[in-house]
Amino acid sequence: MKASGLAKAMDERVGGGAWVNKAMRKVFPDHWTFLLGEIALYAFLIVLLTGVFLTFFFKPSMTEVVYDGSYVPLRGVVMSEAYASSLEISFDVRGGLLMRQLHHWSTLVFLAAICVHMLRNFFTGAFRKPRDLNWLIGVLLFTLVLLNGLFGYSLPDDALSGAGLRILHAVILSIPLVGTHTAMFLFGGEYPSDDIISRLFSIHTLLIPGLLLALIPLHAVVLTWRQTHTQFRAKGLSNRVVRGAPFFPAFLAKTTAFFLFTFAVVSLLATLFQINPIWLYGPARPSVVSSGSQPDWYMGFLEGALRIMPGWEMTVFGHTLTLSLIIPALIAPGLLFTGLAVYPMLERRFTRDTRVHNLLDRPRDVPWRTGLGVAGIVYYGILWAAGGNDVLAAAFGVSLYATTWFFRVALFAGPVLGYLITYRICLGLQDRDRHTVTHGVETGVIVRGADGGYAEIDRPVTEEEAALLLAPGAVEPRELERRP
């Protein structure tokens, strides 16, 4: 049977032929930033494939065994089956260490790509109507991936991840009213319990991946396919006109090649750069904390918030509130993620802009939004850097208290400075664009006039350049109108 006959037969029985034909002709923009989300999708596929491989050999059990494997320095050491099976994957399973490192590196690339993708959508205004729902789903996906990365990082039950589990247990205990019950429910008893690894394994391999498998197609395929793709301003484009290449064959060939590039980069990282060498840390012990220990980069901001927070406590109605844990571990990330989730609604209410937006903004054209984004980046970056305050103090020969107080002050002053500086830079860039449109483009050609003076020749801007430089209909908040 020919392919066309097979397609007709399938369409007669299950339907969908019209949708497939329409989908094959859907236009995709050519701008390179559109592929940032593709990196996250491809890294997620690598995470899934390597994770399936690792589940065949990993034993999520806290039962103690005496290690007698290939790694000689740990022979005779009492450890959990989880840690012993992780060592077995690393040293005895063919390709096991490569798969572990592929899984770890692809997770880091996955999270980094999500961050860059969200920043691109924020600074260009891609979150506005009709994509505000998709933005909320993206924030939820980011939160779930962060949690799943933390839980997966803890599964090998080594000394480094054991320190992270101890912090997680303390943070859960600090939650008012329900903290003790939540910790007992998750850990299955007092820390350290015998059930925590098996429960984290179920959450890491079943619960959260199931949610991701439901939300990612909705975020990346269903909603995206029903909406017009975003694109940057250009001559002849509008909210109803899209310029690009059809999905088949142009975009399909491009995205397939991009998947291979992503897989190649992750493979090179996993092959050439060692990550998470659990055999050097030893098995987890409640009394063991390694010096200079650092979490993966995506959890660094929580580590930093815990380190710079003063040891405050208060008693309310006979209950002790450990503010030194509640504020950095719950309120600080809560502000960040809640702000991301509700920002589209706040901007729509503040600007009273309820229009449909398929054309993207240049960051300079909306200086207040760009300033807020940079302030958020500075806020996150300071907390992330504070997670290594002890390492920085040792590396630069300064007092640990000095680095801690520096980050405490910078956490409040940094975002404000970041906003103000970014706002002024955006205004300066706008002035330069207006000057270019009014006076023309500098050509670099210098001529001498009859009076002996020198001047540069400017050429008029083309219609294509003017369409890019001017932002017609841009909405500015009333309270932040540009000063003369």
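How much of residues 201-225 is helix, and how far apart are the end C-alpha atoms? I looked: the span is 100% helix and 0% strand, with 34 Å between those end atoms. Helices here are DSSP runs of H or I, at least four residues, and strands are runs of E, at least two, numbered from the N terminus.

I noted the ground rules. This is a predicted model, where local features need pLDDT of at least 70, side-chain atom pairs count only at pLDDT 80 or more, and totals for chains, interfaces and linings use all residues. Residues are numbered from 1 along each chain as its sequence is written, and side-chain values use heavy atoms, leaving out hydrogens and water.

I checked the UniProt record next. Its unreviewed entry puts "transmembrane region" at spans including 135-155 and 201-225; such annotations may be inferred rather than shown by experiment. Residues 135-155 are 95% helix and 0% strand, with end C-alpha atoms 31 Å apart.

I turned to confidence (pLDDT, the predictor's score for each residue, from 0 to 100). The chain mean is 86, and 92% of residues reach 70 or more. Helix α4 (residues 81-91) is highest at a mean of 96, and helix α1 (residues 3-14) lowest at 61. Over residues 473-484 pLDDT stays under 50. Where pLDDT is low, the predicted coordinates should not be read in detail.

I listed contacts (heavy atoms within 4.5 Å) for Phe110. Beyond its neighbours within four places in sequence, Phe110 touches Ala40, Ala43, Phe44, Val145 and Ile216.

I also recorded the domains, whose bounds come from an automatic or database assignment. Domain 1 covers 22-286 and domain 2 covers 434-469. Their C-alpha centres are 51 Å apart.
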